Amino acid sequence: MSKILVTGGTGYIGSHTVVELHHAGYTPVIIDDLSNSNLQILDQIEKIIGLKPEFHQFDLCDSTKVEDFVKNNPDVSGIIHFAASKAVGESVAKPLKYYHNNFFSLINVLQAYQGKPINFVFSSSCTVYGEPDVLPVTETAPVKKATSPYGNTKQIAEEILSETALAHDNYNVIALRYFNPVGAHESALIGELPLGVPQNLLPFITQTAIGKREKLTVFGGDYDTVDGSCVRDYIHVVDLAKAHVAAIKLLEKGNPNGSYDVFNVGTGIGYSVFQTIAAFEKASGQKLNYEVGPRRDGDVVQVWGDVNKSSAALGWTATLGIDEMMSSAWAWEKYLQENPLG
Ligand code: WQD
């Protein structure tokens, strides 16, 4: 079975992708420095797929360790690269940490595969679009100046990948531009594990609902949107994980669109913050304690994706709706209350 390297594979999206790779008949092998996750995730994955994935713990910024791994693992045919720092707010406070970690890890992996045929799937983000001029946003929309060092690392990483794939014919690359990943595996054994106070909406909602947080603050209720709150394209993390398997399959088959390609990975449906809260209350049966507060700097007002290219060329479409996103996120929060991880 094809061996697929999953960097950052004990993280939120990485762990779900490891599960889906296994289900699709691949052998995932994980490299993770555990800076934003922990070893227990491997046990959780084992409970789901019946075996513990091969795991190597080291920092991809250590080029010697990366080169040794590649030398010792010649049977890796594809890479899904999640490993990166990803907190927007933290990136503003610590830009050097983000530029160092996100670029050195990517470049070390690419350099270690110089001259070797490799299929490479990159974890990118809708943040590259900034505030789109036209909605839904398509892959041909202009990439706008990032509003954070994190977003900038995604934009520049895409440029590094496209130019590398253009210059060297051994790299076949797909960048997946995620919208807002939410939810958890149906087993409630893996899910989002925010460290400290959650920055993202869904973990804050579920932690408020379970009593870990006193109340949710809605960052702004006076935007020019359907109900005054910001609109996002939330996508179930299992659908997102399956998009990575579809990308590997397309690369293995040969992408007729060339050696570098990008795909939007969303549902194509936008939900406002208030609509998301209502969907959570309906799915969980929990009344949420929230108030409307000031706007959050840097927030995009509205963004949702055009996913026609993904369904036509990637052969992938999201299948799980907002109800399953909310109910699976709630089931995971309840699981964590009884089984604290990390
Ligand atoms: C969603 C909405 C907030 C928290 C994030 C990442 C980005 C990308 C997509 C991967 C916004 C509102 C939030 C809260 C709130 N991820 N909100 N109260 O900012 O759209 O993007 O996911 O690449 O990198 O930053 O997600 O969940 O932070 O916010 O009102 O306590 O919820 O204002 O409108 P965001 P988010």
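**Close-up views of a predicted model**

**View 1. The largest nonpolar core.** In the largest nonpolar core, which has 43 residues, Leu176 and Leu314 touch the most other members. A nonpolar core is a set of buried Ala, Val, Leu, Ile, Met, Phe, Trp, Tyr and Cys residues joined through side-chain atoms within 4.5 Å; buried means under 20% relative accessible area, exposed over 50%, and partly exposed in between (1.4 Å probe, protein chains only). At least two residues of this core come from each of β1 (3–7), α1 (12–23), α2 (40–49), β6 (171–178), α8 (237–253), β11 (260–265) and α11 (322–338). The helix α8 gives the most, with ten residues. Helices (H or I, at least four residues) and strands (E, at least two) are DSSP runs, numbered from the N terminus. In soluble globular proteins, nonpolar side chains tend to be buried together.

The model is predicted: local features need pLDDT of at least 70 and side-chain atom pairs count only at pLDDT 80 or more, whereas totals for chains, interfaces and linings use all residues. Residues are numbered from 1 along each chain as its sequence is written, and side-chain values use heavy atoms, with hydrogens and water left out.

**View 2. The surroundings of Leu176.** Beyond its neighbours within four places in sequence, Leu176 is in contact (heavy atoms within 4.5 Å) with residues including Val121, Phe122, Ala243, His244, Phe263 and Leu314. Another core, of 26 residues, lies apart from the largest one and has Val29, Ile79, Ala157 and Val173 among its members.

View 3. A backbone N or O atom of Leu201 is 2.7 Å from an oxygen atom of the ligand, and a backbone N or O atom of Thr217 is 2.9 Å from a ligand nitrogen atom. In the side chain of Arg296, an N or O atom lies 2.9 Å from an oxygen atom of the ligand. The ligand taken alone exposes 690 Å², and the protein buries 90% of that (Shrake-Rupley method, 1.4 Å probe).

**View 4. Val292 in strand β13.** Val292 belongs to strand β13 (residues 290–293) and is partly exposed, with a relative accessible area of 48%. Leaving out residues up to four places away in sequence, Val292 touches Val218, Gly220, Gly221 and Phe274.

Key. Polar contact = N/O pair within 3.5 Å; in protein donor to acceptor, adjacent residues only side chain to side chain.
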